[in-house]
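Here is a short report on a single protein model. Start with the sequence and the fold, then read on for selected details.

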Amino acid sequence: MTVPIYENASTAADYIRERIAVEPRVAIVLGSGLGAIADTVEQPVLISYGDIPHFPRSTVEGHSGRLMVGLLAGIPVAVMQGRVHGYEGYSPFEVTFPMRVLGRLGIATVVVTNAAGGIRTTLKQGELLLISDHINLTGTNPLVGKNDDRLGPRFFDMTEAYSRPLRKLAHEAASHHGFELQEAVYLAVTGPSYETPAEIRAFRHMGADLVGMSTVHEVIVARHMGIDVLGLSCVTNMAAGVLD
């Protein structure tokens, strides 16, 4: 049985649209521990994930599980306070359904954030990094199955999954605030167990700088719909075997 992704996402988007006063064109997906950023949103309208038709509910601590729509620096934004993950038992379709809804809302640009383990030995805890590319080691892809051309093409380019112009803008913003924003390759695994030191050594040889359990499926679906992506990771800890 084919899941009616387009129809369900449209229903969810209509539910949200009826409850907000602005039309967001930028979305921000807040990862673990980053939900406080939403406190800077002005004139917020809060919608619980549990109230949105077909929307999955986050079960992870640090993920509020609500959508906030309002103004950030005068720009209409939709802020997701928390996401769902495959290790919670959700399918790739369910994990990426919120991104489908954002696309049906008319979002053109999305900022995805996450907390990650540092693989590159020069990284420091608390460091903010710009994602330049990713490696999908989850063993799945959210687009497996019949393609709905209303959402995006069957085959599409991922050469620039993370927008080069948006990364340039991020570097300029970082410089304006007096710090250097390094770029990094993010590698995603399913979890929920953390990686072994041997796995981290293998990931490093593959070219990964960071490891986490989210983001890549959302980015794949965003690019499938033609949404431009900016990715940011916060190094919460060094990965297994990096430190004594």
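A residue counts as buried when its relative accessible area is under 20%. Histidine 224 has a relative accessibility of 3%, so histidine 224 is buried. The model is predicted, and that applies to every value below.

Histidine 224 belongs to helix α5, residues 216-224. The side chain of histidine 224 makes a polar contact of 3.0 Å with the side chain of arginine 100. Beyond its neighbours within four places in sequence, histidine 224 also contacts a set of residues including Leu143, Asn147, Asp148, Leu151 and Phe156. Gly152 and Pro153 are among its contacts too.

Leucine 105 sits in a loop, between α2 (92-104) and β5 (109-118). Is leucine 105 buried or exposed? Its relative accessible area is 6%, under the 20% limit, so leucine 105 is buried. Residues up to four places away in sequence aside, leucine 105 touches Ala13, Ile16, Arg17, Pro24 and Arg25. Leucine 105 and aspartate 14 are 91 residues apart in sequence, yet their C-alpha atoms are 7.9 Å apart in space.

**Helix α1**

Helix α1 covers residues 5-17. Its 13 residues should span 18 Å at 1.5 Å a residue. Which residues of α1 are buried? They are Tyr6, Asn8, Ala9, Ser10, Ala12, Ala13, Tyr15 and Ile16. An α-helix has 3.6 residues a turn, so residues three or four places apart point the same way. The buried residues of α1 pack against β2 (42-48), β3 (66-72) and α2.

**Nonpolar cores**

The largest nonpolar core holds 57 residues. Within this core, Met99 and Val110 touch the most other members. Methionine 99 contacts Val29, Val110, Val112, Glu218, Val221, Ala222 and Met225, leaving aside neighbours within four places in sequence. Another core, of 16 residues, lies apart from the largest one. Leu34, Val41, Ala170 and Leu232 are among its members.

**Partners of strand β6**

Strand β6 spans residues 128-136.

Which residue of β9 stands opposite leucine 129? Serine 233 does. On the β7 side, asparagine 136 stands opposite alanine 188.

Notes: Residues numbered from 1 in each chain as written. Predicted model: local features only at pLDDT ≥ 70, side-chain atom pairs only at ≥ 80, totals over all residues. Heavy atoms only, no water. Helix = DSSP H or I, 4+ residues; strand = E, 2+ residues; numbered from the N terminus. Buried < 20%, exposed > 50% of the residue type's maximum accessible area, 1.4 Å probe, protein only. Contact = heavy atoms within 4.5 Å. Polar contact = N/O pair within 3.5 Å; in protein donor to acceptor, adjacent residues only side chain to side chain. Expected span 1.5 Å × (residues − 1). Core = buried A, V, L, I, M, F, W, Y, C linked by side-chain atoms within 4.5 Å. Pairing = 2+ DSSP bridges.
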